[in-house]
Amino acid sequence: MATLTQSMGAPAIEDGAAVWRIARESGVLDTNSSYSYLLWFRDFAGTSVVAREPGGAPIGFVTGYRRPDRPGTLVIWQVAVDPEQRGRGLAGAMLDHLTARPHARGVPRSMETTISPQNTASQRLFHSFADRHRASVERELLFPAALFPDSHEAEYLYRIGPLR
């Protein structure tokens, strides 16, 4: 589990640059523009979380949003942890923190995320999350590789719920 020497909470716009670097250094995430992280933390701070080292610098993050047509569903966009902090349960702790925290419309009832077939670390993370919350996992192809204009694996939708 995550160490007690860090804290978690809603991100601030000022966290955007550090989070962009963590995403870029992850080696597996699609790196969005630095601008997008600033905008995300302005508009979706309530459905995102940043983990911080004792000095306050971000060491991990989860970006999420509520589906407009399903406000009880929290969509997880990205999860990343600084390379030096990996293997300590921080990603799972951030997901737990985020889903336990009331948002504008209460605690989410379900979660969705997309994962490529080669990203086994994310598959394990979300299956472990589902196990901790006694929730089922459904998986289906959402975006076939042919839909992407660049070289990109297919993305599978994982639906997790109901959350307890």
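Modeller: The buried residues of helix 3 are covered by elements that include strand 1 (7-9), strand 2, strand 3, strand 4, strand 5 (110-115) and helix 4. Helices (H or I, at least four residues) and strands (E, at least two) are DSSP runs, numbered from the N terminus. This is a predicted model, in which local features need pLDDT of at least 70 and side-chain atom pairs count only at pLDDT 80 or more, while totals for chains, interfaces and linings use all residues. Residues are numbered from 1 along each chain as its sequence is written, and side-chain values use heavy atoms, with hydrogens and water left out.

Biologist: What makes helix 3 mostly covered?

Modeller: Nine of the eleven residues of helix 3 are buried. Buried means under 20% relative accessible area, exposed over 50%, and partly exposed in between (1.4 Å probe, protein chains only). The buried residues of helix 3 are Leu-90, Ala-91, Gly-92, Ala-93, Met-94, Leu-95, Asp-96, Leu-98 and Thr-99.

Biologist: Why is His-97 called partly exposed?

Modeller: His-97, in helix 3 (residues 90-100), has a relative accessible area of 26%.

Biologist: How do you know that the buried residues of helix 2 line one face?

Modeller: The buried residues of helix 2 (residues 34-43) are Tyr-37, Trp-40 and Phe-41. Seen down the axis of helix 2, they fall within an arc of 90 degrees, so they line one face of the helix. The arc is that of the directions from the helix axis to the C-beta atoms. An α-helix has 3.6 residues a turn, so residues three or four places apart point the same way.

Biologist: What does helix 2 carry on the face turned away from its buried side, and what does the buried side pack against?

Modeller: The face turned away carries the exposed residues Tyr-35 and Arg-42. The buried residues of helix 2 pack against helix 1 (16-25), strand 2 (49-52), strand 3 (58-67) and strand 4 (70-81).

Biologist: Why are the buried residues of helix 1 said to line one face?

Modeller: In helix 1, Gly-16, Ala-18, Val-19, Ile-22 and Ala-23 are buried. Their arc, seen down the axis of helix 1, is 165 degrees, so they too line one face. Their cover includes helix 2, strand 2, strand 3 and strand 4. Just after helix 1, Gly-27 takes a positive phi of about 80 degrees.

Biologist: What kind of peptide bond joins Gly-161 and Pro-162?

Modeller: That bond is cis, with omega about -5 degrees. Pro-162 is found in the segment after strand 7 (155-161).

Biologist: How do you know that the radius of gyration agrees with a compact globule?

Modeller: With 164 residues, a compact globule would have a radius of gyration near 15 Å, and the protein has 15 Å, so the two agree. The radius is taken over C-alpha atoms, and the globule rule is 2.2 Å times the number of residues to the power 0.38. The C-alpha trace spans about 40 × 40 × 30 Å along its principal axes, and 46% of the 164 residues count as buried.

Biologist: What is the overall order of elements along the sequence?

Modeller: The protein has four helices and seven strands, in the pattern β-α-α-β-β-β-α-β-α-β-β. Of its contacts with a separation of 6 or more, 62% join residues 24 or more positions apart.

Methods
Contact = heavy atoms within 4.5 Å.
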